[in-house]
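Colleague: I am new to this one and would like to understand how its descriptions are reached. Could you walk me through it?

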Amino acid sequence: MRFDLTDLKLFIHIADSGSITAGAQLAHLALPSASARIRAMEEALNVPLLQRGRRGAEPTEAGRTLLQHARAITRQVEDMHADLAQFATGLKGQVRLLCNTSAMTEFLPDALAAFLKAHPQLSINLEERLSRDIVQALADGVADIGIVSDASDHSALQTFPFRADPLVLAMARSHPLAQALGHKRHIAFGDALDHDFIGLAGDSALQQYAAEQAARLGRRMHCKIRLRSFEAICRMAASGAGLALLPATAARRSSEDLRVVKLSDAWADRKLLICVRDQAALPGYARELVAALRNPSSG
């Protein structure tokens, strides 16, 4: 059984694209050469690795096992190059960091700015995703570090506390819901769904998360408008245009005169966690980033 990195990368590309033709293109191989490599792998293992059909190719059960190992092996090779990069002029290491909306906008900018200033040879590939998708990406070995809500199932990962991140409702003091609440300081999310919301634009992980919570109640979260920042959302909420669901840190930072109410739902009392698949297996610079995120005062 002699597979080289080209074989493994080809198989990963085929699995990701669902097509031998597309996989061959991504691997910069001619289609006959790619097909021959797959056949040789299957003959070496004496088991089919791909199920071929009209709609393309997808891994068999054996293929999925190979895919998991192939990702791990190629990732280790990438980590080896990155660890050695500090000894080679012009080469740089890169950390793949996935996070949810709150971490992206509220907590990471300052922490990452300090870290990158102290480590100018490194770069960080930062991407916003839903917590459950981050957990899966870490388990699959396609990311180094994730920051997720503690509501996600992270039992297969190593975790460390990051920040408290409760969600609140913000509204104009003249809003009908603010008037109905009187002196109450808490509200259930379901009781707010009769009113219009001001949401985040695009495929915001927080917006998707809130929509899922509404769906669990058999309701729909109606957004009159979607904006690209919490600051803009707070300004519009202060005008009375709708309710804003946002992290408490963003509401406190706002200069607008808002009525801020805590949500009584358990899912809103969130804590953020730093997650890794295996801290000991991370490149040294990625372990340093984990340490810096765990201890913000360290810079």
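**Cysteines and the sheet**

Modeller: Gladly, and note that this is a predicted model. Let us start with Cys 234, which counts as buried because its relative accessibility is 0%, and buried means under 20%.

Colleague: How do you know that the structure holds zero disulfides?

Modeller: A disulfide needs two cysteine sulfur atoms within 2.5 Å. For Cys 99, the closest cysteine sulfur belongs to Cys 275 and lies 12 Å away, so that pair is too far apart for a bond. For Cys 234, the closest one is in Cys 223, at 14 Å, which is also too far. The count for the structure is zero.

Colleague: Why are β4 and β6 said to stand at the edges of their sheet?

Modeller: The open sheet has five strands in the order β4-β3-β5-β13-β6, with mixed pairing. β4 (122-128) and β6 (158-164) each have a single partner strand, so one side of each lacks a neighbour in the sheet. Neighbouring strands here are turned by 25 degrees against each other on average, direction ignored.

Colleague: What makes β3 and β5 a pair?

Modeller: Pairing takes at least two bridges, and three join β3 (residues 93-99) to β5 (residues 145-149). These strands run parallel, and Leu 97 stands opposite Ile 145 in β5.

Technical notes: Residues are numbered from 1 along each chain as its sequence is written. This is a predicted model: local features need pLDDT of at least 70, side-chain atom pairs count only at pLDDT 80 or more; totals for chains, interfaces and linings use all residues. Side-chain values use heavy atoms; hydrogens and water are left out. Buried means under 20% relative accessible area, exposed over 50%, partly exposed in between (1.4 Å probe, protein chains only). Helices (H or I, at least four residues) and strands (E, at least two) are DSSP runs, numbered from the N terminus. Axes are lines fitted to C-alpha atoms, for helices over the stretch in contact, and angles run from 0 to 180 degrees between N-to-C directions.
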